[in-house]
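Visitor: Please show me the structure. I would like a short tour.

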Amino acid sequence: MEVEIAEYSGYCFGVKRALKLARKALSENVPGMKKIYTLGSIIHNPGVVKELSDKGLISVRDIKDIEDGSIFVVRSHGMSPAIIDALEKKDVKIIDATCPFVKKAQSRARILSKKGFHVVVIGDKDHPEVCGIREQVDSLDISVVSGEDDLEGLEGKKKIGIVVQTTQTMEKLKHLSCRLLESTAELYIANTICDTTRNRQDSVRKLSERVDVMLVVGGKNSANTTHLADISREKNPNTFHIESSSDIKIEWLKNTRKIGISGGASTPEKDILEIKGMIEGIKS
Ligand code: F3S
């Protein structure tokens, strides 16, 4: 049995940067001096979240739980300007780990709105990145479209400007853009899907066609990992989205010659290598 890891797989540039900034803040903080917070998990990976929580990174659900004068790490998904303002009023030091690709999507939304376009964000409605983009613009001038059902109500808009959640698929962007083109006079598309995402999606698509079973590794709450698994499943029904080696069922691997592995943008390389080693160990 042969195991092949997708050419582009695991931690992306934005996640590496966010983790580096969070680890630096934790190591420079004299123990007990200041509390260090994130709003939600720093990345969508349970193992890494636990490791950083053990080192003192506190994940909260509401900014009211953040102490005055503490330190706050903005995640790679970005943050709404209103939350940053509220934290600055509490004298909180902000460490901005927003991925530059996410900042680009936020800035495109602001520019399109200023130019008179109604902004459409193609993305997952409740995803923190999409919430951060949505709050760059007056709520009346922006809509989030997750699927065809959300296109209702946009028919009357004469100028529509699209920005895309960085981890969406090209297929979804193309499909929803074509639908919007049918009902508007002017359509501008800012393709803000990040290069890292595109590379990962292309490589999982190619690998899934060449293997008997495909394992996509990453948090079940990770949007980009879920999209990778969906893309792989279209080409190869024997695709399984797993969080760790303990999720693998031996029957999936019976009578297989070649297994492919891909990891989401918040999946550490060591998790991917551990799974590869485990599968190779089954056959040895
Ligand atoms: Fe940034 Fe793309 Fe990663 S937007 S956080 S490099 S998936």
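Guide: First, some terms. On a 1 Å grid over the protein atoms alone, a cavity is a set of points where a 1.4 Å probe fits but cannot get out, while a pocket is an open set with protein on both sides within 12 Å along at least five of seven lines. Lining residues have an atom within 4 Å of a point. Points join across faces, edges and corners, and a volume is the space filled by probe spheres set on them.

Guide: The model is predicted: local features need pLDDT of at least 70 and side-chain atom pairs 80 or more, while totals for chains, interfaces and linings use all residues. Residues are numbered from 1 along each chain as its sequence is written, and side-chain values use heavy atoms, without hydrogens or water.

Visitor: What volume does the largest pocket have?

Guide: Its lining has 19 residues, and Leu-39, Gly-40, Arg-75, Asp-126 and Pro-128 lie nearest the centre. The volume of this largest pocket is about 320 Å³.

Visitor: Which element gives the most to the lining of the largest pocket?

Guide: Elements are DSSP runs numbered from the N terminus: helices (H or I, at least four residues) and strands (E, at least two). Two of them give two or more residues here, strand 3 (57-60) and helix 5 (128-134). The top giver, with three residues, is helix 5.

Visitor: Between which domains does the largest pocket lie?

Guide: Domain bounds come from an automatic or database assignment. Two domains both give residues to the lining, so the largest pocket lies between domain 2 (13-99) and domain 3 (101-189).

Visitor: How many charged residues are in the lining of the second largest pocket?

Guide: This second largest pocket has a volume of about 220 Å³. Of its 16 lining residues, the closest to the centre are Asn-45, Gly-47, Val-48, Lys-270 and Asp-271. Ala, Val, Leu, Ile, Met, Phe, Trp, Tyr, Cys and Pro count as nonpolar, Asp, Glu, Lys and Arg as charged, and the others, Gly among them, as polar. The lining has six nonpolar and four polar residues, and the charged ones number six.

Visitor: Which helices each supply at least two residues of the lining of the second largest pocket?

Guide: By domain, at least three lining residues come from each of domain 1 (2-10 + 195-283) and domain 2 (13-99). By helix, at least two come from each of helix 2 (46-54) and helix 9 (269-283).

Visitor: What volume does the largest cavity have?

Guide: One cavity of 30 Å³ or more is counted. Of the 26 residues lining the largest cavity, Cys-12, Val-15, Thr-167, Asn-224 and Ala-265 are closest to its centre. Helix 1 (13-28), helix 4 (100-114), helix 7 (195-210) and helix 8 (223-235) each give two or more lining residues. The volume is about 340 Å³.

Visitor: Which space is taken by the ligand?

Guide: Residues count as around the ligand if a heavy atom lies within 4 Å, and among them are Cys-12, Ser-76, Phe-101 and Thr-197. This shell has four nonpolar, six polar and no charged residues. A molecule sits in a space if more than half of its atoms lie within 2 Å of its grid points. The ligand takes the largest cavity.
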